[in-house]
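This report describes selected local features of one model. The sequence and structure are shown first, and the description follows.

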Amino acid sequence: MRVLSPGMLTAVQDWPGRIGHWQVGVPPSGPMDDLSFRLGNRVLGNPEGAPGLESVVVGPSVTFSEPAVVCVAGAPAPVAVDGRTVRQWEAVRVPAGAVLSIGRAQGPGLRVYLLVAGGFDVPAFLGSAATFTLGQFGGHEGRLLVAGDELRIGPAPQAPGQALADGLIPAMTTSWHLAVAEGPHGAPEFFTRADIDQLFATDYEVHFNSDRTGVRLIGPKPRWARADGGEAGLHPSNIHDTAYMVGALDFTGDTPILLGPDGPSLGGFVCPVTVTAADRWKLGQLKAGDTVRFVPVRAQQAASPRSLGPARRASWSAVFSSRGDGDDGVLARREGQGGRPEVTYRRSGERAVLVEYGPMLLDLALRARVHLLHQRLLSASMPGLVELVPGIRSLQIQTDPEKLPTSKLLAQLAELEDSLEDAEGLVLPSRSVSLPLSWDDPSAREAMERYRHGVRAEAPWLPWNIEFIRRINGLDSTADVRSILFDASYLVLGLGDVYLGAPVATPTDPRHRLVTTKYNPARTWTPENAVGIGGAYLCVYGMEGPGGYQLVGRTVQMWNHRHPEPAGRFEPGVPWLLRFFDRISWRPVSAEELADLRADLAAGRGDGGVRIEEGSFSLAEHRGFLAEQAESIDAFQIRQRAAFQAEREAWSRAGEFA
């Protein structure tokens, strides 16, 4: 197939996408409207997940070197072969050399799919042909299609195609109902009861600034049940970083965003509800100006995403449900006893459970507990486990509920909890990783300026994030911020925040924990490998994209874009640089030096200035250090809390929480 005109944002996708790498920040990608995509493949006799093309608003014009059979699915759009109109949702024969053209989507819906008998023959990356353009991998050369591209077609399918009954075509509309499961973070802990009532009573409007990472919505601000997020940040939406589900309604500050298939795996914001897997196809068809109404459903009664027939309920534009589960997403609680922390089991959509340990505080012993549970589940090899994603004090367990029902999972988790060893004596493999850092890098300043001109002209953290960090931590000068950052040793607690093996880490010495809040609303652009601080955590942005952490500089690549070719200190066969519990330290370099290091690493030359030594981290030794330094740590934190409170009061006077 030769591309004559690519249409808009056209890329190769397959279904179910890239599964098994959520814990290191690799999203599944795949078709945003999986239902239309899979139905189109079924019409042709292809496997449901065979690679096809996804376009936004305008489809491509293509020609084939040999006769081909195609199906165009998704949003209504004009389709023609050599100018002759043909129908969507049917198998259409295209003669060799004829031009197949897909025009602009008309009426409701946004995305159009071109499926070809045999599918597209493109290389798999980490087990999938799905394109993740932000990561520059998958599909056709990891990018959107352009005129002149040529794609090979796979062997003709052995199974006959199936004509699609009218009742199976997904219902497109401009006023959408989305079935949602309650949780993981609802009322009364995070939202007020009135907030949740308002959530279900509001017709939210789809914002124009939406894409495959997430659909931004316009609607009323929550009143919030908390004054702030404590150590996680100044805004009440802030929490200690936890794993997200695709389809989660993520409140980044006061802005609600429905996370898409290219969205982040980890983040520090609350999610009160999650779109059911069977209804997530609708996210791919939401366009600017459409309205969205969230309808709570009982998780056990949610339609199965496996179904492509009437059981999917996709031919109905409305969601019919009398009520949700009515539990605010809390499945069970377990009191702490005998030195063991309390445990909260939260629903994270109908296909995942979020296990949270202890109070909402930063405690490395809680992360160690998460590690113990993570390792036990990996060794248990339970049928039905899909992904295991650790956060700061939590572990997200994604399942196939048809193989592992939630009730059975909870019973097994209770048994595991009883048998877990004490985390206090844990000694973990922990490498020392020294990385170059361009302090106050020009690219970080550019991100602040873009935000000021394109998102929010005035904000407490503008015009300079580093000055804001100084003020909110009660430090005397920005030189103190710099000194603390370069003196600190950051323990990696999570990977993939934000994306592609990027670390979320915290200093092992509490006197080095610079506490900040996150942007509200989030930035729409952050440079690749920018270094930021949010709450008590530091992160490295794995790629260009949105973000909310306060930026302090930039470093080298966390992801090997040359994979599977070797580069620098990346381990063979693994495209991410870091491991859980690595200890990061920073080494100052100029912006020019960093640019050279980044260019060399991208070209496969040198090690990018990365230095790695093997080592270990002992929780007991860490506890001993905290006890020895308790007086000094308390003095630092008292001053820090006073500055944090003063900043919160200033925000309140300025109407920041209004």
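Which residue in β9 is the bridge partner of A80? The partner is S101. The model is predicted, so local features are given only at pLDDT of at least 70 and side-chain atom pairs only at pLDDT 80 or more, whereas totals for chains, interfaces and linings use all residues. Residues are numbered from 1 along each chain as its sequence is written, and side-chain values use heavy atoms, with hydrogens and water left out.

Strand β6 (residues 79-81) and strand β9 (residues 99-102) run antiparallel and are joined by three bridges. Strands here are DSSP runs of E with at least two residues, helices are runs of H or I with at least four, and both are numbered from the N terminus. Two strands pair if DSSP finds at least two bridges between them. The strands β6 and β9 belong to an open sheet of five strands, ordered β1-β4-β9-β6-β7, with antiparallel pairing. At its edges are β1 (2-5) and β7 (84-86), each of which pairs on one side only. From one strand to the next, the twist averages 30°, where axes are lines fitted to C-alpha atoms (for helices over the stretch in contact) and angles run from 0 to 180 degrees between N-to-C directions.

**Backbone features in loops**

| Feature | Value | Loop |
|---|---|---|
| A187 to P188, cis | omega about 0° | P188: between β11 (175-182) and α2 (193-201) |
| H563 to P564, cis | omega near 10° | P564: between β33 (550-554) and β34 (583-589) |
| S29, positive phi | about 55° | between β2 (11-13) and α1 (34-44) |
| W89, positive phi | about 65° | between β7 and β8 (92-94) |

Buried means under 20% relative accessible area, exposed over 50%, and partly exposed in between, with a 1.4 Å probe and protein chains only. S29 counts as buried because its relative accessibility is 4%. W89, at 9% relative accessibility, also counts as buried.

**A buried aspartate**

D241 is located in strand β14 (residues 238-243). Although buried, D241 has no salt bridge, defined as a side-chain nitrogen of Lys or Arg within 4 Å of a carboxyl oxygen of Asp or Glu. The nearest side chain of opposite charge is K518, 4.9 Å away; Lys and Arg count as positive, Asp and Glu as negative, and His and the chain ends are not counted. Leaving aside residues up to four places away in sequence, D241 touches several residues, among them G267, G268, D497, Y537 and Y549. Contact means heavy atoms within 4.5 Å.
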